[in-house]
Amino acid sequence: MYTAEVVITGTKADGTEKILQQETVSQYYQQENGKLRETGDQKLFFVTEFYSESAKRTVKYRVYLPQSYLTNPDKRYSSVYLLHQFNSDSESYEIDKIDQILNKEIAAGRSKDMIVVMPDSSGMSWWVNGAEPDGVKWQDMVVKDLVPHVDQKFRTIDDARYRGTSGVSMGGFGSFAIGFQYPDLFSSAASHMGAINFTPAGQNPVDIIKSYPLEALKRYSIYLDSGNEDVYKFDVPVTTLHKYLKDNNVEHYAEIRDGLHDSAFYTKSIDLSFAQHSRHFADAHVADGVLAGSLNIQNGNSNKTVAYQVTAKDGLNAYVDNIPTSPYVKNQTPDLHIPVMLELVNQATGERVAIQQDVLQARNGGVSKDGTLIIPALQDGNYSLKLKASVLDRTFTLATANYKVGGSTGGSSGDTGGSSTGGSSSGTPAVTPTAPVVTPGVGTSPGNDVNGTTTVSHEEVASALEKQTDLLIKLAEGISLVLPYDALRQIASELGSDFKSLNLKSILVASTDQNSKIASAGQRLGGQLKSAGSFISLELSATLEDGTVRQLNPTFRQPVQIKLAADAGTDHQLVGVYYWNERGEAEFKRSTWNSETGIFEAHINQLGTYSLMTFTKPFNDVQSSSWYNRAVEVMVAQHIVKGIDDTNFAPQSPVTRAEFAALLTRMLGLEETSTTPFADVSEDKWYASSVAAAYQAGIINGVSDVAFEPNRQITREQMAVMTYNVLQKLYPDESGTGNHALAGFTDGEDIQPWAQQQMSALVQLGLIKGNGKSIKPQGAATRVEAVQVLLNLMEHKRE
């Protein structure tokens, strides 16, 4: 890997220079025939993020990937979760060059290849769940959300015997607190100068370890250290725990050596803890014959499919886990999680044109996993089908087949794993639709078929960059993607000048696959999802000058715009754009609707699978005849508000100032941030980022310069002021005229001076209504009053 600081400067007309771009660029290269060939720009620290349902926020994390991850696509890796210190985040490990330490240890053979995951938290999280009702659940974020997310996104071994925790200071506390309380997930734990004698949220690592039956404790690999000049005296609990473990013959590594409580101390020994993790993650030596697989290429009504089956054999039970009894274990006999992958590869280019991934869970023989891959529209040529599955650290190729498109024979051949039906199929070969002409920043004629690849030439990209304009790519009727100038610049910077074209592939998700995805996702969301239009997968690649195709999976620093067509007659207020993540879950994306075209537009940061769907959820305490039913229905469909539980909405319950600020933030799709001047809005509260975003957008103010009173019930006049601020943000010309609209209310004069003009304007525009002759300015706003105001605001000027 080569890393360089890139600075691009420009000269103004007056002769002065200006820095246009400055960043650190890291590129991987491989030696091929005496030449360096670029293989990617993925840094050893891969920085990304995901949405945590437990924490109710997007969480950034870093991942260390060993260099073999790029060159050995079938290999699966053990994983370590490295938790950060107090008032810090995962970037501290990048600053302290943990990647270089790991590279050195792996190259020397003292550690095996492993994946290291470094999540962010609030900096004061202590890696526990917040005790208050609105406290952020940081521990659940790790164990319930992050671990499954990483296992889905990266090639990890999803097994407690191959997963560990590490941490420094506060992270050392978190490593032991999480590692030992979740033996179903972890079996190795390391703490560097950790606060393991602290007891946040009632969790004391020393006490947790002492509560373990000795046989269960002996399953763990345990590492702990501290400096003898640690300012927090964390050497004391190391001594205490070392004595306990030694007296009970529990193997471990404990060290107190010269040093302070600082980076210089832990970076001198973190190689030892990685090596200890590595020794614990022993090779499984999985034998042949534990799995069987078959492929069957079939003709459907409109397309071809590949049915596959993977079956566990009797020998599999030799590799299952049996977790000893402890107060913390939830499942002593977990199934093996066996990743299954069927891939379709273009033999000429090596491009993987389709993939189906699944998981077989089994402890004994006789258990099977069946699945289907829909073969997309393909260009003429030869393709390979490979069915693979992994048991712990070994990956098996279970069945293969060749698949040909075009020519006189068509069909398939090869080892289909002994499937009796096998299958050659000729018929009419799939044809890639002719790509529409693409012009930077200008609409183009759409194709008629969603499936296909649209090509954008290097010259067209260069022209858009020169003009600093957007690139609009129309894929089919009502479906298009807009790459803004910044996104194009990012892609071009990644590729350099050595490419012929960008290729945007669109694949229509089959209706059978749609139905299963939608039903499962609806259950997770607690309501009913229904398809309402486009349901497609988008993939981006680049054709290089030598003809090879390089897959691109950028996380765009500036969002790109996707446009999707809704079905005719769809209730647009209930429709949303959804992104399907790696776990098969539907993530709602805020969108806008064009009433003339019926097109929904959303800003996204990555390609993948997107769909239009309606979401409905009935509540026992919201009757269809109630005046607020429509407002609840729409705001729930737009994921702006939720029920208080799975069955009740609590329509007449009051709304707090923080809750209403969060509703406005979600409605506007504001980018959440963390900075406010309010002393009573701490970063670990669920509403902190929403309040900060609303404040920075000028929507809310505090009750003073330093206080917001987030948990105080919001009054109707306070709600009016916040709503008016949003109105001004959306429609600056709308301000109302005078206060005469309040004259008809008996309590109009009771409105505070700072709210009179705003309340009058909203009444005048029909966004807020009174109750008969009363406006109740100091009355507590209810949940249904809040959602009705939001619906009125949403519908304003939409007719």
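Accessible areas here come from the Shrake-Rupley method with a 1.4 Å probe, and for residues only the protein chains shown count as cover. On that basis the protein chain exposes about 35400 Å², with carbon and sulfur atoms supplying 46% of it.

This is a predicted model: local features need pLDDT of at least 70, side-chain atom pairs count only at pLDDT 80 or more, and totals for chains, interfaces and linings use all residues. Residues are numbered from 1 along each chain as its sequence is written, and side-chain values use heavy atoms, leaving out hydrogens and water.

Of the 799 residues in the protein chain, 51% are buried (buried means under 20% relative accessible area, exposed over 50%, partly exposed in between, with a 1.4 Å probe and protein chains only).

Now for the charges. The structure holds 28 salt bridges, each a side-chain nitrogen of Lys or Arg within 4 Å of a carboxyl oxygen of Asp or Glu. Here are three of them, with N to O distances:

| Pair | Distance |
|---|---|
| Lys218 and Glu215 | 3.9 Å |
| Glu343 and Arg352 | 3.5 Å |
| Arg630 and Asp571 | 3.0 Å |

How covered are these side chains? Glu215 is exposed because its relative accessible area is 58%, while Lys218, at 38%, is partly exposed. Arg630 is partly exposed at 29%, and Asp571 counts as partly exposed at 31%. Salt bridges that share partners also join Asp74, Glu343, Arg352 and Lys388 into one network.
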